[in-house]
Amino acid sequence: MSFSPRKILMALAAPVLSILVAMVITSIILLAAKDPVGEVWAQLLRLPSPRLTIAIVNSAVVLYLSAVAVAIGFRMNLFNIGVDGQYRVAAFAAAVFAGQAWLPGWLNILVSLLVAMLAGGLWAAIAGWLKVTRGVSEVISTIMLNAIATYLVAYFLQKVALSSEGSNVTNTKTIPESSRVPGIPVTIGEQQREIYGLIFLAVLVGFLYWFILNKTRFGFDLRATGRSETAAIASGVKVKRMVLMSMILSGAVAGLVGMPLLFGQDFAYGTTFQAGLGFSGIAVALLGRNHHIGMAVAAIVWGFLEQQSNGLQINAGVSDRLVGVIQGVIVLSVVIAYEIVRRASITIEQRNVAAALAAERAKAQNAAAEVAA
Amino acid sequence: MCVISATDKPAGRSASAGPTATDTYAVELHGITKRFPGVVANKDIELSVRRGTVHALVGENGAGKSTLMKILYGVQQPDEGTITVNGQVVTLKSPTEAIDVGIGMVFQHFMLADNLTVLENVVLGAEKLHGIGDGARTRIRAISKEYGLDVDPDDLVEDLGVGARQRVEILKVLYRGAKILILDEPTAVLVPQEVAELFDNLRELKAEGLTVMFISHKLDEVLSVADDITVIRRGTTVATADPKTTTARQLAELMVGSALPSPSTEESTVTDRPVLTVEGVDLSGSAGQRKVLDNVSLTIHAGEIVGIAGVEGNGQAELVEVIMGMREPSSGRILLENQDISDWEVREIREAGVGYIPEDRHRHGLLLEAPLWENVILGHQTQAPNVKGQLIDAKAAKADTEAIVKDFDVRTPSINVTSGSLSGGNQQKLIIGREMRHTPRVLIAAHPTRGVDVGAQASIWSIIKKARREGMAVLLISADLEELVGLSDTIRVILRGGLSAPFDPDVVTREELGAAMTGADGHAKEDVQ
């Protein structure tokens, strides 16, 4: 790959610009609502406390996994909105399995991770299979499957649940201590906090995502299909098979989204298990442009905004839902900005190629003229 | 809207007649220059079109004809120069403004909705003129009668042939009040008989006082229909010619500026070893439709080029797709040497040595936003040197791309630029180079020189001829009869999915081919000029 400063600059311009646009628009909304603009930004942009810093990293870990799951679909022009349902089905399945403690210690964790991937993959496979055999849009089917997942998991949770006394929280059986993933202790200032041990899983998934997509035949076929399905078919890619496989792969990674929470924080799946991560993953994948590093940065930005919003109500008297508005505007403007940058890059490249060739021709003509003279 | 008197006919016949008589000119272009980044598409264009004439604009592919017409139709604005319509200097910022001064354009590719009637297609976007009901119907009938277009407003467009569809396009433009018609390569999609009908229509339009600008690079046609000819070469007008006193040869030389390249067959290299055999292949259409391919049988020997002629949409694309494995034939067999490949997948067929130059390189041949070297892997992503086991070998693929760029004269500053930034000719050379690097046994070439410049055309022809000499079996599908006659050892005509008996390109005439292409074999309906 060739990295020119211009390319890097253009790649960075879009997300930075859209964050700025989001800030401007949010400020206008705040002004219109007569809320304290300055205090809101002071709260959101201040240096996070050590506790929050760790919380930001932890939510970024989970968001990154979700973004990679979405990005696998995106690279192939598949819009897997179903990551949300896939990770909840998977987290439930893994929690039930791990809670049984059929296997000892780490083995239990490893097999549970596989169970999660399998569950997520199978759940996504339904949408893939419908698309391949019946031509059902994966957008529609995954939205439906999200709803089904919600109720299905709630139904089964009732079956296996142990209601803790004096609480209406329903949980699966708690994972034994021996099968928990210890956090990585980090000391910032006076405080000691823990980062999810499964951050390594996120790093590994990110690496494999990069490697498989950019270095393997399978990845080439997948990217080719995403860029031009017709050209991919003509080149010998079995597109239906690719659709099914990438959907399953996307679902399998989605299955891992809940794992840092399950093995590092909650140790059971219950009604309070964090929801909505699949949708945030879509936003992070868009902001990070499906790039393995870009999505990591985007996940941190997302986590940062979410954690910083906690103090908004107390310190600025503004609802923390405001962050949702900011995130929404970022996503909208980043989509527009990337499209503008993409078109501009195409034009600039065409211009550069034409100019380079014209210069070459002129040189050749001059040389010929000199020879003639 | 301006009104032009139908009787206002110029007296002079010569194209260089008095430039002072401004009001006899429908359109005058002076000093038109249009620059695109890195290239000058048009430079100092001088063009005067007399009212009530057919004025041909001839030039090679890429000479700048289309840009000029886009300028005249308001799609693009010139950087310099003036446009004068009926003696008034105008600025055309959009096609709407062009139609307001009476300029209408008929594009090469029809823009009609198949599932609507002629009436509905005509009024679409012009509902305010005469409504969408009987008012419009009456108007369409009147125009059709006045100019002899023979169009019924209530016909469904999908039931119409290519020639009739083109007349609907012309009618659409007339309906919007155009008095100056621009026709961009109108004959490209027509068989010779339909061309003759079109020319009759154009003469009718001319007789009614309308002005026609006719863009083409087919010289015989230009000489038969035009009153004046302007030649454009490398973006500028180089000459005007009088069709009465000019020969096709002279025009051709004006167009290219030197002697013409032509695809001339060399000594036969045909062997008796069949490489690709198609046996009784059928492909059924969608329910209730006729067969798309009807009992197609065909043999290509080593060292042989078999050309397929035909009007577009008669099964050429499907034949290619069946051979390449993108579609399964309903019945029949396809043999590669002695192996039955009928139910093989595309990838297996390509690996077995079938090279493929697709008809639409943007849709089927390239990843436009990927760099050249990734495009060289495309279609060969399981073959050396592009892969090592399951991994892509980018280094080897890049080296291979460098070699292709050099050997096949692909003009590019680097192998890292996207394929979309190259010109059509260079994209095509890249595709052909990529296929040839794997020394296929069979080459399926669909319209290999479509939309490429003269230089690229000549080199593509020589690559195909070289492949033939080296014993490759080539299936050549083309709409360019000259190309087919010049390159092929045998020509077959495809019509409604069926293949004709073989024609010998050395003796067959254009009219015989044209007759076979329309199904009027042996008894052509009309004389062809």
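Colleague: Leaving aside its neighbours within four places in sequence, which residues is B:Arg492 in contact with?

Modeller: This is a predicted model, in which local features need pLDDT of at least 70, side-chain atom pairs count only at pLDDT 80 or more, and totals for chains, interfaces and linings use all residues. Residues are numbered from 1 along each chain as its sequence is written, chains are lettered from A and ligands numbered from 1 in the order in which they are written, and side-chain values use heavy atoms, with hydrogens and water left out. Contact means heavy atoms within 4.5 Å. On that basis the partners of B:Arg492 are B:Ser297, B:Leu298, B:Val306, B:Gly307, B:Ile308, B:Ala309, B:Leu499, B:Ser500, B:Ala501 and B:Pro502.

Colleague: Which side chain of opposite charge is nearest to B:Arg492?

Modeller: B:Arg492 is found in strand S21 (residues 490–495) of chain B; helices (H or I, at least four residues) and strands (E, at least two) are DSSP runs, numbered from the N terminus. Lys and Arg count as positive and Asp and Glu as negative, while His and the chain ends are not counted. A salt bridge is a side-chain nitrogen of Lys or Arg within 4 Å of a carboxyl oxygen of Asp or Glu, and buried means under 20% relative accessible area, exposed over 50%, partly exposed in between (1.4 Å probe, protein chains only). B:Arg492 is buried and has no salt bridge, and at 8.3 Å the nearest side chain of opposite charge is B:Glu304.

Colleague: Is B:Asn375 buried or exposed, and which side chain does its side chain meet in a polar contact?

Modeller: B:Asn375 sits in helix H13 (residues 372–377) of chain B and counts as buried because its relative accessibility is 0%. A polar contact is a pair of N or O atoms within 3.5 Å; within protein, one must be able to donate a hydrogen and the other to accept it, and residues adjacent in sequence count only if both atoms are side-chain atoms. At 3.2 Å, the partner side chain is that of B:Ser419.

Colleague: Which parts of chain B does the salt bridge of B:Glu185 tie together?

Modeller: B:Glu185 forms a salt bridge with B:Lys65, the closest N and O atoms being 3.5 Å apart. Both B:Glu185 and B:Lys65 are buried. The pair ties together parts 120 residues apart in sequence, because B:Glu185 lies in the loop between strand S7 (180–184) and helix H7 (192–207) of chain B and B:Lys65 in helix H1 (residues 65–72) of chain B.

Colleague: How many salt bridges are there between chain A and chain B?

Modeller: The contact takes 31 residues from chain A and 36 residues from chain B. A:Arg227 forms a salt bridge with B:Glu374, with the closest N and O atoms 3.2 Å apart. Between chain A and chain B, the count is four salt bridges.

Colleague: Which helix gives the most to the side of chain A that touches chain B?

Modeller: Helix H7 (199–215), helix H8 (217–227), helix H9 (229–234) and helix H15 (322–372) of chain A each supply at least two residues of that side. With 11 residues, the helix that gives the most is H15(A).

Colleague: Which residues are linked with A:Arg342 in a network of salt bridges?

Modeller: The side chains of A:Arg342 and A:Glu339 meet in a salt bridge (3.0 Å, N to O). Both lie in helix H15 of chain A, three residues apart, about one turn of the helix. The residues linked with A:Arg342 in the network are A:Glu339, A:Arg343 and B:Glu369.
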